[in-house]
Amino acid sequence: MGWFTSFTGYLAPMFLILSPVFSYSDQAYSMHRTKSSAGFSLDIPLIMLAASFLRVFYYPGARFDKALLIQSFLMILIQLVLLKIALDHRPPPSSKGGEAAIPFARANDGVWEMPRPFNFWQWKSPKPYWQFILCLFIGLTVGELLLAPVPSIYPSYSSFIGYVGLAIEATLPLPQILSNARSRSCKGFRLSVLVSWLLGDGMKMFWFFTATSTIPVAFKICGIFQACCDSFLGIQYLMYGNGEDVDIKDHHVSEYSLTRVASGREKRSPITERKI
């Protein structure tokens with residue numbers, strides 16, 4: 001068993017480092033190919049960018065395994081590319097109006113859909129997205145420069161941003177879970193992303209609990225929560241599918257209209273059956 005643990009000790013970090021590429025490259029290519037990002041939750045780049053930035057600035061105070069630090073840098077790069085593609089290929093506004101301010105068309109509003117203050121992360125223009133990311137980076141840089149020389153405060157500050165970042169990352173599957181539940185479909189969410197998440201969870205859990213390097217307990221707790229959410233996403237995919245095979249041909253309603261005839265009498269005449 002010792003050789004297997006040693007082998008996974010090398011394999012798991014490499015997998016985690018490359019997991020951003022495995023997880024999101026197919027999603028990005030799919031949106032680029034179809035010229036549409038409908039069905040993909042824009043909150044995913046938000047969560048991963050915020051969590052990765054916080055994790056990078058958590059490293060100087062925690063000194064956790066460098067594989068997790070490298071993964072964070074690569075995740076930032078991948079999520080910036082994913083965000084750019086998603087914003088470039090947003091569905092056009094609805095002709096009925098009102099959808100123009102929403103980055104992604106929603107198939108159905110659900111009980112979980114709540115208004116956000118100042119339409120946060122639902123802006124019309126791409127510019128505010130990049131401004132928010134830049135402000136986040138500048139704010140964390142200023143905090144690091146100001147507090148790092150203060151040993152009485154910095155450890156608490158570092159732990160705080162680390163735990164916040166890990167807690168944010170743990171919520172990653174939630175926006176997609178709610179999006180799937182509202183539309184009762186997983187269309188737009190790539191199966192390759194789900195598979196990579198589940199494989200990553202399994203690899204991560206094994207490595208977290210067998211690694212000899214420093215893995216803070218916060219990583220383990222948040223990893224377990226995220227694995228549970230990813231598993232629920234898998235259940236949704238089994239329940240809803242990708243939305244392409246939904247057959248509603250068996251649901252027909254015959255409609256009738258009243259038509260006036262020349263004699264002044266009214267009679268019912270069948271119009272064509274329409275699918276609903």
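Hi everyone! Helices here are DSSP runs of H or I with at least four residues, and they are numbered from the N terminus. Residues, for their part, are numbered from 1 along each chain as its sequence is written. The model is predicted, so local features need pLDDT of at least 70, side-chain atom pairs count only at pLDDT 80 or more, and totals for chains, interfaces and linings use all residues, while side-chain values use heavy atoms, with hydrogens and water left out.

Let's start with Asp230, which sits in helix 8, residues 217-240. Is Asp230 buried or exposed? Its relative accessibility is 0%, so Asp230 counts as buried (buried is under 20% relative accessible area, exposed is over 50%, and partly exposed lies in between, with a 1.4 Å probe and protein chains only). Leaving aside residues up to four places away in sequence, Asp230 touches Pro173, Leu194, Trp197, Leu198 and Asp201, where contact means heavy atoms within 4.5 Å.

Last, two loop residues. Asn119 lies between helix 3 (66-88) and helix 4 (127-147); its phi is positive, near 55°, though it is not a glycine, and at 42% it is partly exposed. Arg184, also not a glycine, has a positive phi of about 50°. You'll find Arg184 in the loop between helix 6 (173-183) and helix 7 (191-210), exposed at 57%.
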